[in-house]
Amino acid sequence: MVYYLVIPAHNEAAFISLTLESIVKQTLLPTKVVVVNDNSTDKTAEIVNSYIQKYPFISLVNAVSDALHLPGSKVIRAFEKGYETLDENYDVIVKLDADLVLPENYFEKILSIFESDVKTGMAGGFAYIEKNGEWILENLTDKDHIRGAFKAYRKECFLQIGKLKPAMGWDTVDELLAKFYGWKVVTDASLKVKHLKTTGANYNKAARYKQGEAFYSLGYGFLITAIASAKLAMMKKKPLLFLDYMMGFVKAKSAGKPWLVTKQQAKFIRAYRLAKMKGKLSGKSTNAN
């Protein structure tokens with residue numbers, strides 16, 4: 001299978017050489033790698049160009065976007081700039097962050113996952129962060145969710161879900177839409193990706209309401225948003241974030257902001273989320289007994 005990588009990068013001079021080094025050492029190399037230099041003011045482009053001289057499958061696209069780092073929209077707009085430069089002769093398209101170190105067999109295993117089941121639409125490993133000299137799981141999501149930092153899509157799935165949405169929540173809506181269309185989302189716990197920068201480290205304070213707005217845009221409704229907000233705030237060990245998330249939901253609903261999904265898709269998403277929550281509750285009840 002042929003796979004292409006698109007790497008949005010904004011002021012990643014401290015990390016991008018480590019990311020590119022882990023890519024060029026893959027046991028199964030990508031056919032094309034596009035790094036999108038998104039309004040960087042550091043030496044990101046210079047570092048990428050040094051790799052381009054040695055590896056012809058790497059290219060650089062310069063993009064100018066708003067310097068404000070809000071989650072979702074900025075990175076996906078940059079991804080779109082890179083994707084536009086590619087042809088359609090790929091089997092798998094990957095959105096990759098510029099602050100990662102991948103195990104050398106990462107994409108060999110990812111492609112084997114796709115090859116083993118034609119209904120697998122998305123695949124990925126797990127993010128690990130360094131803490132006190134050890135690499136530990138960055139435990140912000142369920143184990144069946146693929147982090148937005150390293151998402152691999154089968155071409156047919158990617159096109160059917162309408163590609164990626166330039167909004168906060170893009171890396172949740174993509175999986176929910178994939179399931180809506182009957183695709184499988186597969187994670188592999190053996191693939192440990194080193195995440196060199198804490199998630200959200202560069203987010204502006206204006207981003208604090210965006211998570212609640214994202215829940216609204218997915219058609220969650222108040223109840224599911226409240227449960228999801230409480231869970232995420234606790235996973236981040238910042239309980240007061242719950243209030244910010246709920247405020248974001250209320251603000252988005254009051255403003256009548258458009259959803260990222262259709263009414264039919266939102267109905268499926270709510271049913272899926274509720275079933276998953278009930279499954280977890282019944283599982284806990286069973287374990288308690």
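User: What is the mean pLDDT of the protein?
Analyst: This is a predicted model. Of its residues, 92% reach a pLDDT of 70 or more. The mean pLDDT of the protein is 91.

User: Is Asn11 buried, partly exposed or exposed?
Analyst: Asn11 lies in the loop between strand 1 (3–9) and helix 1 (16–24). Its phi is positive, about 50 degrees, although Asn11 is not a glycine. The relative accessibility of Asn11 is 31%, between the cut-offs of 20% and 50%, so Asn11 counts as partly exposed.

User: Is Lys237 buried or exposed?
Analyst: Lys237 sits in the loop between helix 8 (221–235) and helix 9 (241–255). Although not a glycine, Lys237 has a positive phi of about 60 degrees. Its relative accessibility is 69%, and exposed means over 50%; Lys237 therefore counts as exposed.

User: Is helix 1 roughly parallel or roughly antiparallel to helix 2?
Analyst: The axes of helix 1 and helix 2 (residues 44–52) are 10 Å apart and pack at an angle of about 25 degrees. Angles under 35 degrees count as roughly parallel, so helix 1 and helix 2 are roughly parallel.

User: Which residues of helix 2 make the contact with helix 1?
Analyst: The crossing of the two helices is right-handed. Helix 1 contributes Ile16, Ser17, Leu20 and Glu21. By class, the contact has five nonpolar, two polar and one charged residues. From helix 2 come Thr44, Ile47, Val48 and Tyr51.

Note on methods
Residues are numbered from 1 along each chain as its sequence is written. This is a predicted model: local features need pLDDT of at least 70, side-chain atom pairs count only at pLDDT 80 or more; totals for chains, interfaces and linings use all residues. Side-chain values use heavy atoms; hydrogens and water are left out. pLDDT is the predictor's confidence in each residue, from 0 to 100. Helices (H or I, at least four residues) and strands (E, at least two) are DSSP runs, numbered from the N terminus. Buried means under 20% relative accessible area, exposed over 50%, partly exposed in between (1.4 Å probe, protein chains only). Axes are lines fitted to C-alpha atoms, for helices over the stretch in contact, and angles run from 0 to 180 degrees between N-to-C directions. Angles under 35 degrees count as roughly parallel, over 145 as roughly antiparallel, 65 to 115 as roughly perpendicular and the rest as oblique. A crossing is left-handed if the near helix is turned anticlockwise from the far one by less than a right angle, and right-handed if clockwise. Contact means heavy atoms within 4.5 Å. Ala, Val, Leu, Ile, Met, Phe, Trp, Tyr, Cys and Pro count as nonpolar, Asp, Glu, Lys and Arg as charged, and the others, Gly among them, as polar.
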